[in-house]
Amino acid sequence: MTDAVQERYARFARDEAPGRSALYAAWAAGVAADEEVRGVLLRIPETRRQPPLVFAVTRMLGAGLEAYPQWREFVLRNADEVVAECASRSLQTNEPLRLAALLPVLSEIDGPIALLEVGASAGLCLYPDRYSYRFIGEDGALRAALDPAGGPSTVLLESTVTGSLPRMRLPEIIWRAGIDLAPLDAADERDRSWLRGLVWPGERGRQERIDAALDIAASDPPLLVAGDALEGIEALAAAAPTEATLVITTPGVLVHIPRERRSALVARISALDAHWVTIDPPGALDVWKPPVDTEGWPGFVVAIDGNVRAAADPLGARWEWRTAVPADAS
């Protein structure tokens with residue numbers, strides 16, 4: 001009989017880790033086949049046992065980047081500490097590369113924009129106007145390039161695009177805010193270290209990208225509020241400047257919220273005078289228009305107000321535009 005941990009780790013090994021981290025794929029596959037280790041992870045609260053979080057905690061506690069048998073031995077030897085640390089932490093990868101997949105959708109919205117992110121972590125996805133973008137074809141050729149008005153950014157977001165390429169522009173952001181259960185301070189070295197530790201082994205260039213984005217956030221901090229988004233989203237939205245279009249983003253965060261509260265949060269966001277932009281697994285919600293085939297969909301869903309726009313990998317490194325609506329339509 002399979003359990004929740006077995007299913008989650010098998011899916012991670014099969015669908016999420018390949019192409020990003022061979023070591024994490026091997027660890028996850030090992031967990032899926034290891035009843036004793038799964039018994040340890042089942043002691044962790046459901047919302048705190050995601051593979052990247054568990055793996056990052058074990059690395060923080062001293063596990064080396066070694067083969068599964070060595071990692072397994074570490075987990076079993078330090079089971080109580082692993083469980084306690086996982087229960088007290090949250091997955092805060094805060095990957096700005098997701099903005100490469102969201103930029104076409106943001107390009108549909110007339111500015112100026114007040115940008116509010118749910119699960120903001122250190123706020124690195126609140127600066128789509130401060131980053132440079134390079135969109136590459138499957139043949140390796142450059143298809144489009146965008147830079148801030150002041151010139152190329154220290155943060156370069158490069159992604160591969162298949163199919164048609166929508167028209168894009170950098171948004172005009174005049175207000176940045178986020179809500180998170182445990183927001184991070186981009187200027188605090190301890191918080192910066194935790195984000196670095198969440199970088200998967202084998203991911204080239206990601207730590208440098210996050211470090212550069214942290215510098216941008218530290219130089220112009222967003223408004224970050226600690227709290228449960230379901231309880232605090234309306235108050236924070238009310239603080240946005242009235243002359244701006246409010247855009248609420250949930251990039252990759254909804255899957256980490258229990259389904260009942262996830263659906264309630266989306267309903268609350270949808271009731272606000274705001275656009276909702278997200279990149280999430282197809283099975284995370286039942287609101288997609290048109291409906292998405294969860295079995296055949298390649299990656300995550302990129303959508304605006306529930307309207308499907310693109311298919312993308314979880315971090316935005318690859319995406320495919322899947323609608324006839326031009327990205328500069330208002």
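Helices (H or I, at least four residues) and strands (E, at least two residues) are taken here as DSSP runs and numbered from the N terminus. The structure is a predicted model, in which local features need pLDDT of at least 70 and side-chain atom pairs count only at pLDDT 80 or more, while totals for chains, interfaces and linings use all residues. Residues are numbered from 1 along each chain as its sequence is written, and side-chain values use heavy atoms, with hydrogens and water left out.

The strands include an open sheet of 11 members in the order E3-E2-E4-E11-E10-E9-E8-E7-E1-E5-E6, with mixed pairing, where two strands are said to pair if DSSP finds at least two bridges between them. Strand E3 (142-146) and strand E6 (223-226) form the edges, each pairing on one side only, and the twist from one strand to the next averages 25 degrees. Within this sheet, strand E1 (residues 113-118) and strand E5 (residues 173-180) pair in the parallel sense over 6 bridges, and Val 118 stands opposite Ile 179 in E5.

Among the helices, H4 (residues 51-61) and H5 (residues 68-77) pack at an angle of about 80 degrees, with their axes 11 Å apart; axes are lines fitted to C-alpha atoms, for helices over the stretch in contact, and angles run from 0 to 180 degrees between N-to-C directions. H4 is therefore roughly perpendicular to H5, given that angles of 65 to 115 degrees count as roughly perpendicular, those under 35 as roughly parallel, those over 145 as roughly antiparallel and the rest as oblique. In this packing, Val 54, Phe 55, Thr 58 and Leu 61 of H4 meet Trp 71, Phe 74 and Val 75 of H5, contact meaning heavy atoms within 4.5 Å. By class, the contact of H4 with H5 has 6 nonpolar, 1 polar and no charged residues, where Ala, Val, Leu, Ile, Met, Phe, Trp, Tyr, Cys and Pro count as nonpolar, Asp, Glu, Lys and Arg as charged, and the others, Gly among them, as polar.

Helix H7 (residues 98-106) is mostly covered, with 9 of its 9 residues buried; buried means under 20% relative accessible area, exposed over 50%, and partly exposed in between (1.4 Å probe, protein chains only).

Several backbone features lie in loops. Ser 121, although not a glycine, has a positive phi of about 55 degrees and lies in the loop between E1 and strand E2 (132-136), where Ser 121 counts as buried at 2% relative accessibility.
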